[in-house]
Amino acid sequence: MNPVSSEVSGHREAFRTCPLCEATCGLKLTIEEGEVTRVEGDPDDVFSHGFLCPKGAVLHHLDSDPDRLRLPQVREGDTWRDASWEEAFARIEEGLMPLIQKYGRNAVAMYLGNPNVHNLSSTIYLRPLIKTLRTQNLFSASTVDQMPKHVSSGWMFGHPRLIPVPDIDRTDYLLMLGANPWVSNGSLCTAPDMPGRLKAIRKRGGKIVVVDPRKTRSAREADEHLWIQPGMDALFLLGIASTLFEEGLVNTGDLREHCTGLVDVQDWVKGFRPEQVASHCHMEAGTIRRIARELTEAPTSVVYGRIGTCTTEFGSLSSWLIDVINVLTGHLDRPGGAMFPMSAHSRYRENKKPGGRGFRTGRWHSRVGGHPEVMGELPVAALAEEIETPGEGQVRALLTIAGNPVLSTPNGHRLEKALGTLDFMVCVDPYRNETTRYADVILPPPSPLQRSHYDLAFYDLSIRNVANYSEPIFPLQEGCLEESAILLHLIRMFAGQDASVPLSFVDDFIVKQWIQSEISAEGSPISGREADDILAALGDQHGPERILDFLLRVGPYGDGFEPDKEGLSLSLLREQPHGIDLGALEPRIPEVLATSSGTIELAPPGVIPDMDKLRQQIQQEPTSGLVLIGRRHLRSNNSWMHNLEHLVRGKGRCHLLIHPDDAAPISVETGQSVMIQSRVGALQVTVEVTDDIMPGVVCLPHGWGHNQPNTSMHIAASHPGVNTNILTDEAVMDASSGTSVLNGIPVEISAV
Ligand code: SF4
């Protein structure tokens, strides 16, 4: 019997990994007469054991959504019409290539949205697409999310993707800042059934402390919740680090021989004693000291921080401090602490000496604002000014892939106006939304059920080493094009090749590059082998599957293309629809380190300017006035998935949480409207008066505002909500990573 699905008189079951968020839950789909009639958690999934959330349960509604685009759309004035793929690609070539010829490659910018990291084709083909377009104007959702974490990992461990994850299944003490995994299901920490795993910490006698300006669901379920002034996480963490040194609690254990810069860190944090920082954090100094002691007293402990710590002015500093504290307590790279996964596709080299090229930023700067490049990207907050500002290098065209930056990036109104002035815009997207409505051509990818899946991005952030491949549930619908083919068309065009070059030739070229680079890598299992032999061993596969198979086979659990060796391959994964568990995380230092020194570089110079800024800040009185923060909802996923009735029905979610002490002076009560105003914009919103939010802080969810004309998302339009990014300020960012400040935005509120 086919292990992936069994069919009995029009009824079958199929299994796949949910591609909607980082949790990678296994789903069991019941299909009757060619339609999915039920989605449940797969009880046999090796990682999620039957867990799913409300989003996964309606995955099939994305497939059947009548508003989802099936055919390319081309603009005719203010209207749209279906077009053939040939016509759409011809129109793109006519629109983009003359601009590149006349103004150069930087005239075309690219914006990549978050769903790309949940998509096998994107994770494989975006890299060659970026390489062939060769624009310095590359933007993505990373600079409204996790870029600070990449920067701090680059600084300390030498590679921006070496992000240690909290080993929540084995920890005794979890200190969590700016994260709400009960609702988000985990972020930069792939762990299906977060609620169950968090409950298990307490059940085995462990402790969870949540630090957040809002009493979130995760805070309610924790042992202790500490309020903190938004944006002041770095000061709180500095207070902890300073206590560890002052009270003689630093114990790096045998990590010490792999660390450099410990003395510098001790020197830097001296001026941030809890007594000096507490009032700025809105905390007691004694509490900060107690938390520092508890982190060292617990048999194992881990500090974990997410979006609330990243999207502030000191995002990179906070991210760095989180890992510094994990080192100081001796819990980095130790079970129950913060650990490095070893995914099935990672480039593990046996007996590799620690060290590498290290991490650099600022290889180029943005033209208008002078922001340094980070991981090849510029801050998305700078996109509007790059379009608006005339001169050499001005952005005149935009390619977006799976993104809606009008709703998800700062000062959406300014960006929207800028999009209207572009000479040409192309979007790869399943919907005509608030951003893609400005496009000249929209290329729709197939639905998630019509494509295969493997989480190349998230198994590198997983709390267990796991591998799971999903076959498409349905064949490609007639007239649709595989996402890999859409991207290969664009790659071929930017490479200057015409349609006489078959896409298979472009695909072969890409896979040969992968093979060649692996063959020349020291310590690779195929080092010195013939590229043609490896290509032949991959058989007649094509597209993302061929590259995935290659990565698995040269990976740490693979057969290394040795005929007599057993090991992981795509064909083996195809036989295991519930996935393969490759075991708990194991210590990887020093082999994993890629810094030029081969050590954990604890004292990167990049943190010094922000520490100086904070040193000055604590000499002054704490700031007062209202600030705005964001929030997530279990049934929402950033700016998309709002066109599914099951996820958006019921009470509206875009209400402003406000503390009774802040509501009283303007005499507003729950259900009434206020005008909220920031430096860049204003909007009207209803309030919910609650003591779940700390005084001086108000809170709105992001990703809404579906009330724009000329979109084609009818359900979203009937539940529009408000766009909080009208209020976020594109001028304020974490300077090291270019990440926007989305938490702690100064606002004023008045009754309407
Ligand atoms: S938690 Fe994430 S991966 Fe799991 S079902 Fe929900 S959306 Fe899908």
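Author: A residue is called buried if 20 or more other C-beta atoms lie within 10 Å of its own, exposed if 12 or fewer do, and partly exposed in between, with C-beta atoms placed from the backbone. The model is predicted, so local features need pLDDT of at least 70 and side-chain atom pairs count only at pLDDT 80 or more, while totals for chains, interfaces and linings use all residues. Residues are numbered from 1 along each chain as its sequence is written.

Reader: Is Cys 427 buried or exposed?

Author: Cys 427 lies in strand β17, residues 424–428; helices (H or I, at least four residues) and strands (E, at least two) are DSSP runs, numbered from the N terminus. Cys 427 has 28 C-beta neighbours inside 10 Å, so it counts as buried.

Reader: Which residues does Cys 427 touch, not counting those up to four places away in sequence?

Author: Two residues are in contact if their C-beta atoms, placed from the backbone, lie within 7 Å. With residues up to four places away left out, the ones that Cys 427 touches are Thr 400, Thr 436, Ala 439 and Ile 442.

Reader: How far apart in space are Cys 427 and Glu 483, C-alpha to C-alpha?

Author: In sequence, Cys 427 and Glu 483 are 56 residues apart. Glu 483 is one of the α18 residues in the contact with α4. From C-alpha to C-alpha, the distance between Cys 427 and Glu 483 is 13 Å.

Reader: How do α4 and α18 run relative to each other, roughly parallel or roughly antiparallel?

Author: Axes are lines fitted to C-alpha atoms, for helices over the stretch in contact, and angles run from 0 to 180 degrees between N-to-C directions. Helix α4 (residues 120–133) packs against helix α18 (residues 483–494) at about 10°, with the axes 9 Å apart. Because angles under 35 degrees count as roughly parallel, over 145 as roughly antiparallel, 65 to 115 as roughly perpendicular and the rest as oblique, α4 and α18 are roughly parallel.

Reader: How many residues of helix α5 are buried?

Author: Helix α5 covers residues 147–157 and is largely enclosed by the rest of the structure. Its buried residues, among them Lys 149, His 150 and Trp 155, pack against α13, α14, β21, β27 and β28. The count of buried residues in α5 is 11 of the 11.

Reader: Where is Leu 188 placed?

Author: Most residues other than glycine have a negative phi. Leu 188, however, has a positive phi near 50°, and it counts as buried because it has 24 C-beta neighbours inside 10 Å. Its place is the loop between α6 (181–184) and α7 (194–203).

Reader: What is the phi of Phe 561?

Author: Phe 561 sits in the loop between α21 (543–554) and α22 (570–574). With 20 other C-beta atoms within 10 Å, Phe 561 is buried. Although Phe 561 is not a glycine, its phi is positive, at about 60°.
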